[in-house]
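Please look over the following model before reading the briefing, which is arranged by topic.

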Amino acid sequence: MSSPAPQLQRRNVEVFDSGGAVIAGFWQYGTLQWDEFYKYLIPFVIVSTDWSIFRYKPNRHQRGALCPPGTGIVQPGYYILLSTTGEPTRVGLKSIPLLVRPPGPNTPPTPSHEPSCGIRARTRDGQCLITGVQSFIRLGVAHIFPRIYDTEWTHKGYPSKITDQADEASMGGSLKIDSVQNLITLRYDLHCAWDNYEFGIDPNNNYHITAFLNGNADCNGLHLKLDHIHDPTLRPLDELFTEHLMQCLFKFVIGPVEREWSWDECEVALDAFDLSDTGVWGTREGKELLEVMLADRLFDHRLSQLIPDDTSRTIS
């Protein structure tokens, strides 16, 4: 029996507070600048004074040089967040609801199982919007905002922002959460990484792509291709990309990195209803994921209650 593949190192940059706790980090591919990193931290860091990031040697508890915002590249290593004068300061982290998505299956849907909204997105795009790959069997259609969180989708007012003129039944009814304005076509492995929040897209920076987890070098630094979409009623909403980016930051940049889940282990647990491993399913993360997996499986049924005559299929 072959041994399992070694796990990739997940971060090569980490930031500590003065108490020694990890408050942030990411995998640096050699492109993320200091001004971007500060921009990513500001919405989440709660400090009572002006603050800066310094080089740090955690084994010696020794502060190094100041690392101010700017165009310099963040170098792999350890850092510490202190007051701008280099004094210890208490750091809090703002929390946002993490919209956990179930892991995607290992292969994309076949043409005969492609849902109607997926067909519309593939027709609009014709290729992976990041890499340009055109092979059907290598592509998948991803929701920008996860469809199982329809309550949050509605609360944020997104149905009223969808201008897609398609029949409502093909868009998830009045929710419109299956509109092509909430869908992008990606190479299937990138679809899975997208659902896991491993990389984000900044609509305010020419749709620049930043990956935060190791293993996504082939998309980091690229730009999402949307120039082919001339009809604004078919174009994905910028607000949804911003929402997804904030989820990426909260999951993989802010605080310590949490456990990852595979499609196989989740499917085995649900299909056999074997939740005996309390070390997995007894944890907070395991319970949250179980709830998400069940919600994902039941979502189409819930949707059918809203649209009794809808015969279209939908996707995750």
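**Briefing on the predicted model**

Four bridges connect strand 10 with strand 11 (residues 208-211), and the two run antiparallel; strands pair if DSSP finds at least two bridges between them, and helices (H or I, at least four residues) and strands (E, at least two) are DSSP runs numbered from the N terminus. This is a predicted model, in which local features need pLDDT of at least 70 and side-chain atom pairs count only at pLDDT 80 or more, while totals for chains, interfaces and linings use all residues. Residues are numbered from 1 along each chain as its sequence is written, and side-chain values use heavy atoms, with hydrogens and water left out.

**Strands 10 and 11**

- The two strands form a hairpin with five residues between them, and in the turn N206 has a positive phi of about 55°.
- Within this pairing, I201 stands opposite I209 of strand 11.
- Strand 10 (residues 199-202) is covered on both faces, with F199 and I201 buried on one side and G200 and D202 buried on the other, where buried means under 20% relative accessible area, exposed over 50% and partly exposed in between (1.4 Å probe, protein chains only).
- In a regular strand the side chains alternate between the two faces of the sheet.

- Strand 1 (residues 13-16) pairs with strand 6 (residues 77-83) in the parallel sense over four bridges, and G77 in strand 6 is the bridge partner of V13.
- Six of the eight residues of helix 1 (residues 34-41) are buried, namely W34, E36, F37, Y38, Y40 and L41.

**R124 in helix 2**

- R124, located in helix 2 (residues 116-125), is buried, with a relative accessible area of 13%.
- A polar atom of the R124 side chain lies 2.8 Å from the backbone oxygen of L234.
- Leaving aside neighbours within four places in sequence, R124 has contacts (heavy atoms within 4.5 Å) with residues including V180, I184, H228 and L234.

**Confidence**

- The protein averages a pLDDT of 85, and 75% of the residues score at least 70; pLDDT is the predictor's confidence in each residue, from 0 to 100.
- Where pLDDT is low, the predicted coordinates should not be read in detail.

Methods. A polar contact is a pair of N or O atoms within 3.5 Å; within protein, one must be able to donate a hydrogen and the other to accept it, and residues adjacent in sequence count only if both atoms are side-chain atoms.
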